[in-house]
Amino acid sequence: MTTMMRAFETGAAAVPSTLGTAAAPVDSGALAEPTSQPAQEAAPPHGRAIVITSGKGGVGKTTTTANLGTALAARGARVVLVDADVGLRNLDIVLGLESRVRFHLLDVLEEKATLDEALVRDKRSESLSLLAAAQTREKEDVVTAAMTALIVELRRRFDYVLIDCPAGIEKGFKNAVAGAQHAIIVCTPEVSAVRDADRVVGLLPNDWRPELIVNRVRPQLVKKGKMLSVDDVNDILHLPLLGVIAEEPGVIIATNKGEPLALDATSETGAAYRAMAAKLAGDALPASPRPQDGRAGSWFAKLGTLLGGR
Ligand SMILES: Nc1ncnc2c1ncn2[C@@H]1O[C@H](COP(=O)(O)OP(=O)(O)OP(=O)(O)O)[C@@H](O)[C@H]1O
Ligand SMILES: [Mg+2]
């Protein structure tokens, strides 16, 4: 664990009792004080907590969280999506659930609502739930230890806990990462996004092996040498490639309708999200088709110069 990650782990105070009857000791060591609940009463936290992060803003973290979560739930997994972008909540809109949100993450952390009250069930899938972010609060209001305990409790109830991370590397990022066990890095084929992704990878715990999604690839531009290819991006980041998503107007339409493309059987992008979900779930799959093949050598040279190593 890096020095920075240890620094995330603030004191043991303010672990909410609203996490439900199963609220119990945390397995991460982040909370120094055990709770009063006997350990045997709590189900083990079997679920997998994955943070979707990027450093750079607007590259597709929320879109990815909504679509991967939808695709995992469609496979029968119990999934909760946590909007950790306090102050700028969006995930509810992408899922079309905004009218159902009554309580949010900070209500639970501050014991104004129970987890059961705050979890919003998806319209389409029984096994998909959302924990919305507060819209009118600050990222600094979240106590890291309480957030960590919340994620552990969610791991008791769900198979996957997908955490939609805010942009940046400040407190909101630290809180989103604190309870997670794995990271998916979303990056677009832009030099600035690659540099930010590289920085974020360097801030994650040393023993993590984050996976990469390259989003908004435009194959025609890659072929013409006007856009970085997936290989250009990953020659810098060196991460296992979870998948590639093309630039696709349907994503914006789907977002506005609150209907993730992962549910659209006719959409190639939907199929790409479903393939990523299958890979995450451990299915052995043939390599998913990548929406580009070309490679722009000049871009790679530029990238190498700009990044110059971590
Ligand atoms: N593959 C894609 N093709 C076209 N548009 C996309 C694609 N992926 C994301 N977008 C659009 O890009 C915009 C930003 O996406 P999104 O909100 O998911 O990014 P984000 O990383 O969560 O942003 P922020 O850092 O602000 O939280 C949205 O309008 C979304 O619809
Ligand atoms: Mg977002």
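Q: Which residue in E5 is the bridge partner of Val-82?
A: Ile-163 is the bridge partner of Val-82. Keep in mind that this is a predicted model.

Q: How many bridges join E2 to E5?
A: There are 5 bridges between E2 and E5, residues 160-164. The two strands run parallel.

Q: And what about E2 and E4, parallel or antiparallel?
A: Parallel, with 4 bridges joining E2 to E4, residues 128-131. Val-80 has Ser-129 of E4 as its bridge partner.

Q: Is E2 buried or exposed?
A: Buried. All 5 of the 5 residues in E2, which covers 79-83, are buried, so the strand is largely enclosed by the rest of the structure.

Q: Which residues sit on each side of E2?
A: Val-79, Leu-81 and Asp-83 are on one side. Val-80 and Val-82 are on the other. Both faces are covered. In general, side chains in a regular strand alternate between the two faces of the sheet.

Q: Zoom out. What is the strand order in the sheet?
A: E3-E4-E2-E5-E1-E6-E7-E8. It is an open sheet of 8 strands with mixed pairing. E3 (120-121) and E8 (241-246) stand at the edges, and each has a single partner strand, so one side of each is left without a neighbour in the sheet.

Q: How do E1 and E6 pair?
A: In the parallel sense, over 4 bridges. E1 is residues 48-53 and E6 is residues 182-187. Ile-52 has Ile-184 in E6 as its bridge partner.

Q: Where does H12 lie?
A: Across E7 and E8. H12 is residues 268-280, and it runs at about 170 degrees to E8.

Q: Switching to the ligand. How many residues surround ligand 1?
A: 19 residues. The closest are Gly-57, Lys-61, Thr-62, Thr-63 and Ala-167.

Q: Which elements each supply at least two residues of the shell?
A: Helix H2 (61-74), strand E7 (211-217) and helix H11 (249-257).

Q: Tell me about H2. How many of its residues are buried?
A: 13 of its 14, so to speak mostly covered. Its length checks out too: at 1.5 Å a residue, the 14 residues of H2 should span 20 Å, and the end C-alpha atoms are 20 Å apart, which agrees.

Q: What happens just after H2?
A: Gly-76 takes a positive phi there, of about 100 degrees.

Q: Which residues of H8 are buried?
A: Ala-193, Val-194, Asp-196, Ala-197, Asp-198, Val-200 and Val-201. H8 covers 191-203. Its 13 residues should span 18 Å, and its end C-alpha atoms are 19 Å apart, which agrees.

Q: What does Asp-122 touch?
A: Leu-95, Leu-97, Leu-128, Ser-129 and Leu-130, leaving out residues up to four places away in sequence. Its C-alpha atom is also separated by 9.7 Å from that of Asp-92, 30 residues apart along the chain.

Notes
Residues numbered from 1 in each chain as written. Chains lettered and ligands numbered in written order. Predicted model: local features only at pLDDT ≥ 70, side-chain atom pairs only at ≥ 80, totals over all residues. Expected span 1.5 Å × (residues − 1). Buried ≥ 20, exposed ≤ 12 C-beta atoms within 10 Å, placed from the backbone. Near = placed C-beta within 6 Å. Pairing = 2+ DSSP bridges. Contact = placed C-beta atoms within 7 Å. Axes fitted to C-alpha atoms, helices over the stretch in contact; angles between N-to-C directions.
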